[in-house]
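Please look at the two-chain model shown below and read the report alongside it. The report begins with a single residue and then widens to the rest of the model.

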Amino acid sequence: MTAYVLQRLIQSVLVLLAVSVVVFFAVYGIGDPIELLVPPQVSAAERAALVRRLGLDLPVWQQYFTFMGNALKGDLGRSFVHGVPAIELILARLPATFELVLLAMSLAAAVGVPLGLLAGLDPESRPARLIMGGTVLGYSLPSFWKGMMLILLFGVALGWLPTAGRGEMVSVLGFQTSLLTVDGLRHLLLPALNLAIPNMALMIRLVAAGTTEAMTQDYVKYARAKGVRRKRIVGRHVLRNILIPVVTVVGIEFGSLVAFSTITETVFAWPGMGKLLIDSIYHLDRPVVVAYVLLATLLFVLVNFLVDILYAALDPRVKLTGEMA
Amino acid sequence: MSPSGSSTQGIPAYADTPLRQKVLRRIRSRPTTRGAAILLGGFVLLALLAPFIAPQNPHDLASLSVMDNRLAPGTGGMTGMVYWLGTDAQGRDMLSAILYGLRTSLLVGLSSTAGALAIGVAAGLVAAQLGGAVDAAIMRVVDFMLGFPSILVALVLLASIGRGVDKVIIAIILVQWAQYARLMRASALVERRKEYIEAAINFGLPTRHIMLAHLLPNSIGSVLVVSTISIAGAITLEATLSFLGVGVPVTQPSLGLLIANGFEFLLSGEYWIAVFPGIALVLLIMSLNVVGDRLRRSFNVRA
């Protein structure tokens, strides 16, 4: 197990390094931020001073090494626009994105698992077909479009829910959160639902497929022969066995939810990391873009790592391969 | 094509039936699929004919009347023209804008899929044929590419190279080629174990000939089937990127950009600027998905 963990760690570091090189050169290679930052009336000397201060006069590879050296010390550069460390800027937005993703994930599981069970137990029934048809819509329609339709329906036509911002927040352990106020939750509901829909669809499909398969297994037949009630068979035996793929998806999709929150946050003007990324792209604020991508990569790598370990804990068969590797 | 091609589920798959007929029969065999295929054909036709059938050229600023801005669907304008789907903030006829937007969306979707397909198929074929270190290197890159959400990769790339139809196509090719490479490799590896390839090798045919004349045509089928659905994915990605403001330029708006333009008027009740292009986009994506899914199922391809 130790060898396996170590191997995974080395892989993860290599991925991070590769991403840092690719992203740094992609983002720094093109576009001149000085043009945007300096008003036209500024003198050439002042301009040159700013270029030097930001280190933009150095060769690109040297900028990369400076960047990596600083990155290892936890410094991912200063935002050109805001003048504060990029990482501080991103971390300040992290709670907003995190509560959105958390609620979206919970919604997806709370709706996806029961509907998936329902569809999987009787796949030929009308409700099952309806649910499965809905899942196709759920993950094939563009996220921004679904968000706009939610706004149109619940915000404009019905007027039930607010459609922008975080609403009223309370401070918990130094973080501002919307999860604990009624107004905050009302603001949170639509964006979280929008973010949850594709995952809901995915979860329904996974659970339905797993349930249909599990119902034909010997242990279900045995339980039925023993006279166990259907409710108990489903709740105790089937549900447990289909939970493994669900946990994997929750883990892996956690990363892509953070990425996709970019779209949802833009539609609902939610001041999270994704909105910050988009704004930084508009303003050519390179350090923030690079820092965002590196942090996102770190998150992906970390989550995949944790999912593998969790997987091993849930399914005893996995551990064997882990030890052999 | 035969009169017996009814809507029954079982499709007789005679080995000597030409492939084109088999495909057609499979699409026709279900009403939903047939409807989707007709819709899809209609969209392609509308996109091709846009310059001839659109009531107005939305790119020609001279033909627009700013006085006619944000008119509701069905109202007549200053010029006497009736705007069946309303107008946007520049006084542009939405129907015309959608027809032209369809063109841009389809152009990006089709050409990026074609590009990704070409690169992916080549990479997968080379990996399967050569094996060893080349295979390992290619597949490592593929795994790396597939490890990240496509939207994030495309977003960051476009953030650095700027917006433009060609650039969006490049970005989508970059995020989509890897899935084709993986599929092609898997498919070609299966094919390579078959006897006719062995016979070709024993004949002493050059490797390049075996790859291009035998391996490629016999293993590309499943990749092509999957690419139908991927066109929908490419169009969705383009629309999303354009919605976020890093996609196609304002001078050549796609459906996604039209929706983005209408977004700010959604809250004030001028729904048509965003909703009609949105309906067109949704129908386009759904029809591609339905047709693609049917093809995938009838050829029994796992994506």
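## A partly exposed leucine

In this predicted model, Leu189(A) counts as partly exposed because 17 other C-beta atoms lie within 10 Å of its own, whereas a residue is called buried when there are 20 or more such atoms and exposed when there are 12 or fewer. Leu189(A) sits in helix H8 of chain A, which runs over residues 182-214.

Where does a residue such as Ala104(A) lie relative to Leu189(A)? The two are 85 residues apart along the chain, and their C-alpha atoms are separated by 8.8 Å.

What does Ile172(B) touch, if residues up to four places away in sequence are not counted? The residues it touches are Ser112(B), Ala116(B), Ala154(B), Ala234(B), Leu237(B) and Glu238(B).

Chain A contains 13 helices and 2 strands, and 36% of its 325 residues count as buried. Among the contacts in chain A with a separation of 6 or more, 72% are between residues 24 or more positions apart.

The domain assignment divides chain A into domain 1, residues 2-72, and domain 2, residues 86-314, with 33 Å between their centres, taken over C-alpha atoms. Where the two domains touch, 13 residues come from domain 1 of chain A and 12 residues from domain 2 of chain A. On the side belonging to domain 1, helix H1 (2-29) and helix H2 (33-37) of chain A each supply at least two residues, and H1(A) gives the most, with 10 residues. By class, this side of domain 1 has 9 nonpolar, 3 polar and 1 charged residues.

## Where the chains meet

## Annotated regions

For chain A, an unreviewed UniProt entry gives the annotation "transmembrane region" to residues 12-31, 100-122, 143-161, 188-208, 238-263 and 289-314. In the model, residues 100-122 of chain A are 96% helix and 0% strand, with their end C-alpha atoms 33 Å apart, while residues 143-161 of chain A are 79% helix and 0% strand, with their end C-alpha atoms 19 Å apart.

For chain B, UniProt lists, in an unreviewed entry, residues 35-54, 106-130, 142-162, 215-237 and 271-292 as "transmembrane region". Residues 142-162 of chain B are 81% helix and 0% strand, with end C-alpha atoms 25 Å apart, and residues 215-237 of chain B are 96% helix and 0% strand, with end C-alpha atoms 31 Å apart. UniProt also places "domain: ABC transmembrane type-1", from an unreviewed entry, at residues 102-292 of chain B, a span that is 84% helix and 0% strand in the model and has its end C-alpha atoms 19 Å apart.

## Confidence in the prediction

The model as a whole scores ipTM 0.79 and pTM 0.82. Chain A has a mean pLDDT of 80, and 88% of its residues reach 70 or more, while chain B averages a pLDDT of 82, with 85% of the residues scoring at least 70.

Some stretches call for caution. Over residues 320-325 of chain A, pLDDT stays under 50, and the model has 6 contacts beyond four places in sequence for them. Over residues 1-14 of chain B, pLDDT likewise stays under 50, and the model has 13 contacts beyond four places in sequence for that stretch.

Technical notes
Residues numbered from 1 in each chain as written. Chains lettered and ligands numbered in written order. Predicted model: local features only at pLDDT ≥ 70, side-chain atom pairs only at ≥ 80, totals over all residues. Domains from an automatic or database assignment. Contact = placed C-beta atoms within 7 Å. Helix = DSSP H or I, 4+ residues; strand = E, 2+ residues; numbered from the N terminus. Nonpolar A, V, L, I, M, F, W, Y, C, P; charged D, E, K, R; others polar. UniProt positions renumbered as here; feature names shortened; annotations may be inferred. pLDDT = per-residue confidence, 0-100.
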